[in-house]
Amino acid sequence: MTLFPLSSALCRLGLAGSPQEAQALIRLELVRVDGDRATASASVGYGVTISLRNGPSAVVSRQAMGVR
């Protein structure tokens with residue numbers, strides 16, 4: 001299974017503007033992965049749902065991550 005750093009996935013999905021912003025969102029406990037609070041060292045694979053508390057959500061897909 002291919003895994004990606006959560007901060008990279010947040011940026012690719014348009015939920016964060018930069019890796020630094022993504023890390024800040026994670027530290028503030030605003031990021032959920034499949035409904036569970038995310039950790040700074042989290043990696044995600046295809047098919048998980050990433051959401052921001054009181055914000056949008058997105059599904060990690062091959063297309064979203066730019067992989068064929």
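Author: What follows is a set of questions about labels, each answered with a value and a cut-off. The model is predicted.

Reader: What makes up the secondary structure of the protein?

Author: Two helices and six strands. Along the sequence the pattern is β-α-α-β-β-β-β-β.

Reader: Why is the protein called as compact as a globular protein of that length?

Author: The radius of gyration is 11 Å. The globule rule gives 11 Å for 68 residues. The two values are close, so the label holds. The C-alpha trace spans about 30 × 20 × 20 Å along its principal axes.

Reader: Why is Ile-26 called buried?

Author: Its relative accessible area is 3%. Buried means under 20%, so Ile-26 is buried. Ile-26 sits in helix α2. Buried residues make up 35% of the 68 residues in the protein.

Reader: Which residues are in contact with Ile-26, leaving aside neighbours within four places in sequence?

Author: Leu-6, Ser-7, Leu-10, Val-31, Ala-38, Thr-39 and Ala-40. Contact here means heavy atoms within 4.5 Å. Ile-26 and Leu-6 are 20 residues apart in sequence, with their C-alpha atoms 8.9 Å apart in space.

Reader: Which residues touch the most other members of the largest nonpolar core?

Author: Leu-6, Leu-10, Val-31, Val-44 and Ile-50, out of 21 residues in that core. The elements that give it two or more residues are α1 (6-12), α2 (19-27), β2 (31-33) and β5 (49-52). Not counting residues up to four places away in sequence, Leu-10 touches Leu-15, Ala-16, Ala-22, Ile-26, Val-31, Ile-50 and Leu-52.

Reader: What makes the phi of Glu-29 worth a remark?

Author: Most residues other than glycine have a negative phi. Glu-29 is not a glycine, yet its phi is positive, about 60°. Glu-29 lies in the loop between α2 and β2.

Reader: Where is Asp-34, and what is its phi?

Author: Asp-34 is in the loop between β2 and β3 (36-37). Its phi is near 50°, a positive value in a residue other than glycine.

Reader: Why are Glu-29 and Asp-34 called partly exposed?

Author: Partly exposed runs between the buried cut-off, under 20%, and the exposed cut-off, over 50%. Glu-29 has a relative accessible area of 37%, so it is partly exposed. Asp-34 has 47%, so Asp-34 is partly exposed too.

Terms used: Residues numbered from 1 in each chain as written. Predicted model: local features only at pLDDT ≥ 70, side-chain atom pairs only at ≥ 80, totals over all residues. Heavy atoms only, no water. Helix = DSSP H or I, 4+ residues; strand = E, 2+ residues; numbered from the N terminus. Rg over C-alpha atoms; globule rule 2.2 N^0.38 Å. Buried < 20%, exposed > 50% of the residue type's maximum accessible area, 1.4 Å probe, protein only. Core = buried A, V, L, I, M, F, W, Y, C linked by side-chain atoms within 4.5 Å.
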